[in-house]
Amino acid sequence: MARKIVAGNWKMNLLRDEAFSLVAEITGMLNDEESRPVKIILFPSFIHLGAIHQLVASDARIAVGAQNCSDKASGAYTGEVSAAMLSSYGCKYVLVGHSERRQYYGEDNVLLAEKINSILHAGMRPLYCVGEQLEERKSGKHFDVVRSQLEEGIFHLSPSAFGKCILAYEPVWAIGTGLTASPAEAQEMHAFIRQRIAEKYGQEAAENTSILYGGSCNDQNARELFSLPDVDGGLIGGASLKSRSFVNIVKALP
Ligand code: PEP
């Protein structure tokens with residue numbers, strides 16, 4: 001069975017004290033309201049990562065991840081942060097292939113495959129995002145786009161390395177827009193992704209891979225999305241910046 005996960009992508013938001021307060025509010029609400037051993041991953045910006053890790057280090061429910069990392073191991077790459085550096089600060093996961101990185105920073109599947117290798121080499125787990133643009137869906141190319149993102153970005157991994165990865169389906173047209181994929185659209189693509197994994201790595205690997213949904217997921221729609229057979233939780237952007245909505249989304253996990 002795939003592990004159920006809720007991940008919060010804070011993007012380039014929250015000053016130091018705001019980030020610390022958000023974590024304190026989330027852990028407080030979880031202590032009061034959630035007795036299950038839920039799995040939560042918080043993705044703060046690099047600069048808060050070490051401190052946030054220290055705040056949640058003793059909380060088995062919460063892990064910390066980075067929103068990006070370099071594909072290079074070390075050296076003269078001004079402004080970059082390596083996977084090994086992240087790991088040395090307690091980071092356990094790294095987002096790769098988020099549409100904002102693909103779109104605004106020109107990151108393609110070839111580069112993303114290198115990043116995934118670096119993350120795994122440093123002993124962390126990649127959370128690899130795939131998803132189509134609106135035009136690609138309208139022209140019926142969404143399955144081809146996602147298939148290529150899988151084949152070129154992550155299917156080069158060995159079965160054991162792939163087993164360390166989490167996937168997220170994030171239709172680009174749903175990210176930050178308030179437009180959510182319908183349950184039927186989400187389930188259809190999640191089932192497609194799981195089927196591609198089964199073809200490449202076998203049925204057991206496919207069933208054990210967590211595939212999260214992302215794209216305007218909030219505390220109003222999370223329960224329905226998380227109840228779909230191939231949706232194993234969510235990657236949450238905007239709604240992860242408010243403790244009440246984020247904890248409500250966590251509580252929507254089946
Ligand atoms: C995201 O950025 O990964 C995301 C899902 O954003 P939002 O929830 O704001 O659409």
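## A buried histidine

Does His-190 count as buried or exposed? His-190 counts as buried, because its relative accessibility is 0%, and the cut-off for buried is under 20%. Please keep in mind as you read that this is a predicted model.

His-190 has its place in helix H9. Leaving out residues up to four places away in sequence, His-190 touches Tyr-169, Ile-211, Leu-212, Tyr-213, Asp-230 and Val-231.

## Around the ligand

Let us turn to the ligand. There are 14 residues around it, and those that come nearest are Lys-11, His-98, Glu-170, Gly-176 and Ser-216. By type, the shell divides into four nonpolar, eight polar and two charged residues.

Lys-11 places a polar side-chain atom 2.6 Å from an oxygen atom of the ligand. Ser-216 takes part through its backbone, with an N or O atom 2.7 Å from a ligand oxygen, and a backbone N or O atom of Gly-237 lies 2.8 Å from an oxygen atom of the ligand. On its own the ligand has 290 Å² of accessible area, and the protein covers 96% of this.

## The loop that holds Lys-11

Lys-11, whose side chain reaches a ligand oxygen at 2.6 Å, is found in the loop between strand S1 (5–9) and helix H1. Its phi is near 50°, a positive value in a residue other than glycine.

Leu-14 is also found in the loop between S1 and H1. Here too phi is positive in a residue other than glycine, with a value near 80°.

In soluble globular proteins, nonpolar side chains tend to be buried together. In this model, the largest nonpolar core has 68 residues, and Ile-154, Ile-193 and Phe-226 have the most contacts inside it. Helix H9 (residues 183–201) gives the largest share of this core, with seven residues.

What surrounds Ile-154? Setting aside neighbours within four places in sequence, Ile-154 is in contact with Ile-116, Tyr-128, Gln-149, Phe-162, Cys-165, Leu-167 and Tyr-201. There is also a second, separate core of 13 residues, which includes Ala-7, Leu-95, Cys-129 and Leu-235.

## Helix H2 and its cover

Which residues of helix H2 (residues 46–56) are buried? They are His-48, Leu-49, Gly-50, Ile-52 and Val-56. An α-helix has 3.6 residues a turn, so residues three or four places apart point the same way. In this helix, Ile-52 and Val-56 are among the buried residues, as are His-48 and Leu-49.

The cover over the buried residues of H2 includes helix H1 (16–33), strand S3 (62–66) and helix H3 (83–88).

## Two loop residues

Ala-239 lies in the loop between strand S8 (233–236) and helix H12 (243–251). Ala-239 counts as buried because its relative accessibility is 15%, with the limit set at under 20%. Not counting residues up to four places away in sequence, Ala-239 touches Cys-217, Asn-218, Ser-245, Phe-246 and Ile-249. Ala-239 and Ile-166 are 73 residues apart along the chain, and their C-alpha atoms are separated by 20 Å.

Ser-74 is found in the loop between S3 and H3. Ser-74 counts as exposed because its relative accessibility is 59%, and exposed means over 50%.

Notes
Residues numbered from 1 in each chain as written. Predicted model: local features only at pLDDT ≥ 70, side-chain atom pairs only at ≥ 80, totals over all residues. Heavy atoms only, no water. Near = heavy atom within 4 Å. Polar contact = N/O pair within 3.5 Å; in protein donor to acceptor, adjacent residues only side chain to side chain. Areas by Shrake-Rupley, 256 points an atom, 1.4 Å probe, with all protein chains shown as cover. Nonpolar A, V, L, I, M, F, W, Y, C, P; charged D, E, K, R; others polar. Core = buried A, V, L, I, M, F, W, Y, C linked by side-chain atoms within 4.5 Å. Buried < 20%, exposed > 50% of the residue type's maximum accessible area, 1.4 Å probe, protein only. Helix = DSSP H or I, 4+ residues; strand = E, 2+ residues; numbered from the N terminus. Contact = heavy atoms within 4.5 Å.
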